[in-house]
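Hi,

Here is the model I promised to pass on.

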Amino acid sequence: MSAIIAARTPEARSSSGFRATMLLPGALVTFLLILFALGLVLFLAFRGNDGSLLGVGLTVENFATVATDPLYWTVTLRSLVIAGLVTLATVVTAYPVAYYLAFHAGHRRGLLLFLVTLPFWTSYLLRVFAWKIVLAYNGVLNSALIESGIWSEPTLAFLNTPAAVVVTLAHAYAPFAILPIYVALDTIPKSLLEAASDLGARPFTAFRRVVLPNSMPGVLAAALVVFVPTVGDYVTPAMVGGPASTMIGTLIQSQFGKANDWPFGAALSVCVMLVILLVVLVARGADRRFGSRT
Amino acid sequence: MAFHLKSLTGRKARAGLAALALALSSTVALAAEKLQYFTWSGYELPDFNKSFLAAHPDGVEASIFGDDDDAFTKVKAGFRPDIAHPCYDKVARWNKEGLLQPIDTKRIKNWDSIFPVFKNLPDLQAGDGKVWMVPWDWGNTSILYRTDLVKNPEASWNLLWDKQYAGRMATIDAVHDTPIVAALLAGVNPFDMTAEQMDKVAEKLREQRPLLSSYTTDMTSVEQALASGQLVAAMTWNASATSLKKQGVPVEFMKPKEGMLTWACGFVMLKDAKNVDLAYDFINSRLDADSGKYLIQSYGYGSSLSTAFAGVSKEELDKLQLPADPDVMLKSTIFTGPMKQNDDVAKMFEKVKAGG
């Protein structure tokens with residue numbers, strides 16, 4: 001017995017050393033970059049603004065302003081609605097793609113997966129500009145509609161609207177939704193589908209009762225992966241949004257830029273993080289109730 | 001086995017770290033030899049400092065900003081260029097933060113050719129023959145409109161508040177442009193206002209927001225939108241007027257009865273500038289009469305040098321709507337000096353833009 005322990009110990013020690021080495025980079029990033037930065041934001045949120053880098057004193061005034069000024073609620077709500085629409089559009093359009101990839105793509109699957117990730121080969125800004133070209137006044141969409149005789153005058157209704165933000169973001173985040181849904185669909189045992197048809201289920205019933213519930217974890221994961229970063233986006237509304245689609249990210253960015261009030265920007269960030277946390281908790285609750293497979 | 005692996009990874013990691021450190025230090029060394037120049041987009045063109053590049057090939061590295069308030073916060077947060085290019089109204093602010101070092105005018109060879117109206121600006125004076133900023137360019141902010149789509153408008157900033165052009169106008173997303181105009185229209189002194197007066201300015205800005213297609217500093221997009229007819233009028237600087245007229249787009253740069261805004265910008269040296277000698281060479285090269293002439297002819301902006309205007313014909317200046325003497329211009333325009341409540345106006349403007 002003791003001989004066995006003696007034989008195992010160096011092995012165990014070196015494997016724990018190996019584990020520690022492997023964990024080190026991640027731990028460094030987490031503690032130095034993420035947690036330290038978060039702590040700094042939290043600290044800054046409770047400071048007063050005197051124009052200096054770290055502010056002065058200790059105050060909850062920033063939070064009081066956020067809570068009492070309806071503007072910040074309006075803009076946060078607008079961001080949640082826009083991000084919600086983006087999530088809905090992304091997941092609804094990604095699902096059929098993922099479904100095809102998982103069940104019907106056959107030997108073309110590798111090629112299609114490659115094509116799905118292709119947009120990532122160019123910069124995000126280029127993709128936004130591509131959408132500007134499509135949606136602009138003299139852009140692709142307007143020209144096509146006029147050429148085909150549907151409209152006689154080009155319309156301003158495409159660019160610089162919240163709808164343009166939703167379309168652009170939905171396109172940009174499509175791969176983030178397709179991949180988790182694809183993984184969820186691909187891991188459904190094919191025997192379940194055979195069993196469903198053996199028991200007389202029509203294809204649609206099989207989809208509704210077997211495939212959809214089994215793929216819910218992937219759908220929820222996709223929704224979170226799309227929703228969380230889009231709430232705080234500020235580049236897209238600035239480029240294709242116009243004044244009516246100012247999102248909370250724009251306001252936060254301006255506090256750290258032109259408005260020169262870092263403590264207030266930090267307080268806004270903390271509030272947005274809390275709101276997103278709430279949404280994530282609700283989604284996790286939904287996942288536990290509807291999403292789990294067993 | 002595992003032990004071997006460990007020592008191997010350890011050695012590899014050390015070698016990797018050493019290589020990384022070497023790479024980092026070499027880029028740092030490389031960067032230190034180049035002048036770091038922080039400027040408005042479009043102002044980094046090599047033609048503006050030909051003699052500098054002849055003496056120091058590839059000797060300047062430019063970083064770009066779209067608005068000098070953003071530039072200020074970036075520098076305040078630790079970005080350290082050698083030379084930056086803010087406008088006059090910001091100099092006192094940069095200075096108060098202790099970001100600048102005085103520039104010795106004795107080392108600026110064309111200092112005497114700079115128009116006195118710029119040389120004598122109060123916030124520039126550092127005493128003892130030194131200045132905080134060397135003026136280089138000046139120009140106007142006004143409404144650029146399509147003459148075929150806006151027929152004979154009244155010469156007034158009110159055009160940007162005209163409901164019949166809703167959705168087809170844009171304005172500049174900068175505190176020293178749009179809020180100043182709103183203040184002028186609200187009958188408030190833009191450079192020093194009380195809290196109640198600021199509310200009036202905010203009210204004026206709120207009135208404008210639903211009519212705008214965007215608040216932007218991206219002048220290329222504005223020019224394209226004006227050329228395509230998506231926009232019929234926009235607040236711009238001279239350069240957009242010059243560029244669209246060169247393309248043959250029917251546009252006019254308005255002379256509003258309330259006055260255009262006239263601004264002056266220039267070079268400041270950052271306190272911890274590493275390349276002071278290079279910086280002086282650079283400023284001197286930018287103050288060659290030829291550089292000034294290029295600025296006038298290509299962008300339609302004024303040079304701070306009287307000698308630069310000597311090389312440009314009167315007809316050309318008339319076409320550019322640019323008098324050879326800034327004093328003449330300033331008689332009918334509003335000079336954008338420092339705004340006392342800059343930060344408060346900035347916060348108010350941000351809120352209005354977001355819909356508050």
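How far apart do the C-alpha centres of domain 1 of chain B and domain 2 of chain B lie? They lie 25 Å apart. Before the rest, some housekeeping: this is a predicted model, in which local features need pLDDT of at least 70 and side-chain atom pairs count only at pLDDT 80 or more, while totals for chains, interfaces and linings use all residues. Residues are numbered from 1 along each chain as its sequence is written, and chains are lettered from A and ligands numbered from 1 in the order in which they are written.

**Domains**

Domain 1 of chain B covers 35–138 + 263–329, and domain 2 covers 141–261 + 337–354; the bounds come from an automatic or database domain assignment. To their contact, domain 1 of chain B brings 15 residues and domain 2 of chain B brings 18 (two residues are in contact if their C-beta atoms, placed from the backbone, lie within 7 Å). On the domain 1 side, helix H4 (residues 88–96) of chain B gives the most, with four residues. Helices (H or I, at least four residues) and strands (E, at least two) are DSSP runs, numbered from the N terminus. By class, that side of domain 1 has six nonpolar, four polar and five charged residues (Ala, Val, Leu, Ile, Met, Phe, Trp, Tyr, Cys and Pro count as nonpolar, Asp, Glu, Lys and Arg as charged, and the others, Gly among them, as polar).

**Strand E8**

Strand E8 (residues 134–146) of chain B has 13 of its 13 residues buried (20 or more other C-beta atoms within 10 Å of a residue's own, with C-beta atoms placed from the backbone). Its pairings, for which DSSP must find at least two bridges, include these:

- Seven antiparallel bridges go to E13 (residues 261–270) of chain B, where B:Thr262 is the bridge partner of B:Asn140.
- Five go to E11 (residues 233–237) of chain B, also antiparallel, with B:Thr141 opposite B:Trp237.
- Three go to E12 (residues 251–253) of chain B in the antiparallel sense, and B:Arg146 has B:Val251 as its partner.
- Two join the antiparallel E14 (residues 302–303) of chain B, where B:Ser303 faces B:Asp137.

**A helix pair**

Helices H6 (residues 178–185) and H7 (residues 195–208) of chain B pack at about 110 degrees, their axes 9 Å apart. Axes are lines fitted to C-alpha atoms over the stretch in contact, and angles run from 0 to 180 degrees between N-to-C directions. H6(B) and H7(B) are therefore roughly perpendicular (65 to 115 degrees). In H6(B), B:Pro179, B:Ala182, B:Ala183 and B:Leu185 meet B:Val201, B:Lys204 and B:Leu205 of H7(B). These contact residues divide into six nonpolar, no polar and one charged.

Best wishes

Definitions and conventions
A residue is buried if 20 or more other C-beta atoms lie within 10 Å of its own, exposed if 12 or fewer, and partly exposed in between; C-beta atoms are placed from the backbone. Angles under 35 degrees count as roughly parallel, over 145 as roughly antiparallel, 65 to 115 as roughly perpendicular and the rest as oblique.
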